Amino acid sequence: GCALETHSHPTQCELHLVIRGDAKASLGTSELEYFPGMLATIQAGCPHSVRAGEEGVTLLATFSPANA
């Protein structure tokens, strides 16, 4: 039930790599199911949120550019 509430990064793109677990993600107007091995690309300025499944989720989030 843990979540990253809706937010955006005006000057950075974000990449999510799901390491383990599952989640539901909202990326702009799209709804996605996160599962291990999945990659999701989030464009700069796109509102997004992630809600972990019952077992939780571990994801690696990277940002480009890194220092924006």
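## Basis of the model

Buried denotes a relative accessible area under 20%, exposed one over 50%, and partly exposed the range in between (1.4 Å probe, protein chains only). The structure is a predicted model, in which local features need pLDDT of at least 70 and side-chain atom pairs count only at pLDDT 80 or more, while totals for chains, interfaces and linings use all residues. Residues are numbered from 1 along each chain as its sequence is written, and side-chain values use heavy atoms, with hydrogens and water left out.

## Overall architecture

The chain contains zero helices and five strands (DSSP runs numbered from the N terminus: helices H or I, at least four residues; strands E, at least two). The chain is as compact as a globular protein of its length, because its radius of gyration of 11 Å is close to the 11 Å given by the globule rule for 68 residues (C-alpha atoms; 2.2 Å times the number of residues to the power 0.38). The C-alpha trace spans about 35 × 20 × 15 Å along its principal axes.

Of the 68 residues, 26% are buried. Among contacts (heavy atoms within 4.5 Å) with a separation of 6 or more, 69% involve residues 24 or more positions apart.

## Salt bridges

Two salt bridges are found in the whole structure, each defined as a side-chain nitrogen of Lys or Arg within 4 Å of a carboxyl oxygen of Asp or Glu. Arg 51 pairs with Glu 5, with the closest N and O atoms 3.7 Å apart. This pair links strand 5 (residues 48-64) to strand 1 (residues 3-7), across 46 residues. Glu 5 is exposed at 53% relative accessibility, whereas Arg 51 is partly exposed at 42%.

The other salt bridge joins Glu 33 and Lys 24 at 2.7 Å, N to O. Glu 33 is partly exposed, with a relative accessible area of 47%.
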